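Hi,

Here is the structure I promised to pass on.

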Amino acid sequence: GKDHAAKAALFGIQQGSLDKEIRAASAEALIEIGFDGYAIGGLAVGEGQEAMFDVLDYAPGQLPADKPRYLMGVGKPDDLVGAVERGVDMFDCVLPSRSGRNGQAFTTRGALNIRNAKFAEDLAPLDEDCSCSVCTNHSRAYLHHLIRAKEILGAMLMTEHNIAYYQTLMAGMRGAIVEGSFADFAKNFRTAYLNP
Ligand SMILES: [Zn+2]
């Protein structure tokens with residue numbers, strides 16, 4: 001409805017697992033009610049990226065293009081790029097913070113685990129292409145030490161970088177869409193991220 005739009009946005013959640021017809025029926029019923037935005041539910045529950053992308057090849061198209069389409073609980077950086085490519089506008093996910101706490105950093109050249117012994121004396125930043133305060137001020141070696149020593153500051157700094165990385169990735173995708181260069185953006189992202 002429209003009455004609550006000033007204070008909050010109410011989203012309807014499309015269900016239907018991996019079934020195109022059930023998702024179509026679900027979308028139709030939601031559209032009849034009318035929402036501020038539409039979520040794509042029932043994915044990112046263990047089906048794998050290929051099966052998820054198969055659904056995303058049609059699910060966003062079953063929902064109104066003039067309302068935000070939100071993919072729930074996704075995901076890894078390459079999941080986000082592939083989902084935006086297929087028409088998704090919004091995400092939520094614990095991954096940047098949960099992975100950060102566990103020592104995993106997302107970088108332009110793929111994910112890395114800072115606990116790995118090879119980072120013990122590595123004075124480079126987590127991500128050379130990242131301008132966040134963690135990458136500006138701290139080395140991989142320091143973060144390796146903090147995480148290994150179970151210092152809470154390690155979890156905080158790793159999380160801060162990961163959130164900055166995700167924000168930069170999403171801003172990059174928005175900019176590329178505005179410029180009409182999303183295909184190039186996605187290609188360059190995959191070249192660097194998946195084949196570092
Ligand atoms: Zn950073």
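**The zinc site**

The four donor atoms around the zinc ion subtend angles of 98 to 118 degrees, which makes the arrangement tetrahedral. The cut-off used for that word is that four donors have all angles between 85 and 135 degrees; four would be square planar and six octahedral if opposite donors were over 155 degrees apart and all others between 65 and 115, with anything else irregular. For reference, ideal angles at a metal are 109.5 degrees for four tetrahedral donors.

Before going further, a word on provenance: this is a predicted model, where local features need pLDDT of at least 70 and side-chain atom pairs count only at pLDDT 80 or more, while totals for chains, interfaces and linings use all residues. Residues are numbered from 1 along each chain as its sequence is written, and side-chain values use heavy atoms, with hydrogens and water left out.

Which residues hold the zinc ion? The ion is coordinated by Cys130 (SG), Cys132 (SG), Cys135 (SG) and His161 (ND1), at 2.1 to 2.3 Å. A donor here is an N, O or S atom within 2.8 Å of the metal (3.2 Å for Na, K and Ca), and water is not among the atoms, so sites may look incomplete. Along the chain, the donors follow the spacing C-x1-C-x2-C-x25-H. Cysteine 132 counts as buried at 10% relative accessibility, and so does cysteine 135 at 8%. Buried means under 20% relative accessible area, exposed over 50%, and partly exposed in between (1.4 Å probe, protein chains only).

**The chain overall**

The protein chain has eight helices and six strands, in the order β-α-β-α-β-α-β-α-β-β-α-α-α-α along the sequence. These are DSSP runs numbered from the N terminus: helices are H or I with at least four residues, strands are E with at least two.

- The C-alpha atoms fill a box of roughly 60 × 35 × 30 Å, taken along the principal axes.
- Of the 196 residues, 43% count as buried.
- The chain exposes about 10,600 Å², and carbon and sulfur atoms supply 53% of it; accessible areas come from the Shrake-Rupley method with a 1.4 Å probe, and for residues only the protein chains shown count as cover.
- Among contacts (heavy atoms within 4.5 Å) between residues at least 6 apart in sequence, 59% join residues at least 24 apart.

**Rings**

How many aromatic pairs are there? The count comes to six, with rings of Phe, Tyr and Trp (its six-membered ring) pairing if their centres lie within 6.5 Å; planes under 30 degrees apart are stacked, over 60 edge-to-face, and the rest tilted. One of the six joins phenylalanine 11 and tyrosine 70: the ring centres are 6.0 Å apart and the planes at 85 degrees, so the pair is edge-to-face. Phenylalanine 11 lies in strand 1 (residues 11-14) and tyrosine 70 in strand 3 (residues 69-71), so this pair ties together parts that are 59 residues apart in sequence. Phenylalanine 11 is partly exposed at 22% relative accessible area, whereas tyrosine 70 is buried at 17%.

Tyrosine 165 and tyrosine 166 also pair edge-to-face, at 6.0 Å centre to centre with 75 degrees between the planes. Tyrosine 165 is buried, with a relative accessible area of 6%, and tyrosine 166 is buried at 9%. Together with Phe106, these two tyrosines form one aromatic cluster.

Back in strand 2 (residues 37-40) sits tyrosine 38, which is buried at 2% relative accessible area.

Most residues other than glycine have a negative phi, and most peptide bonds are trans.

- The peptide bond from valine 74 to glycine 75 is cis, with omega near 0 degrees; glycine 75 is in the loop between strand 3 and helix 3 (77-85).
- Alanine 44 has a positive phi, near 60 degrees, and belongs to the loop between strand 2 and helix 2 (49-56).
- Lysine 150 has a phi near 60 degrees too; its loop runs between helix 6 (140-148) and helix 7 (152-179), and the residue is exposed at 72% relative accessibility.

Cheers
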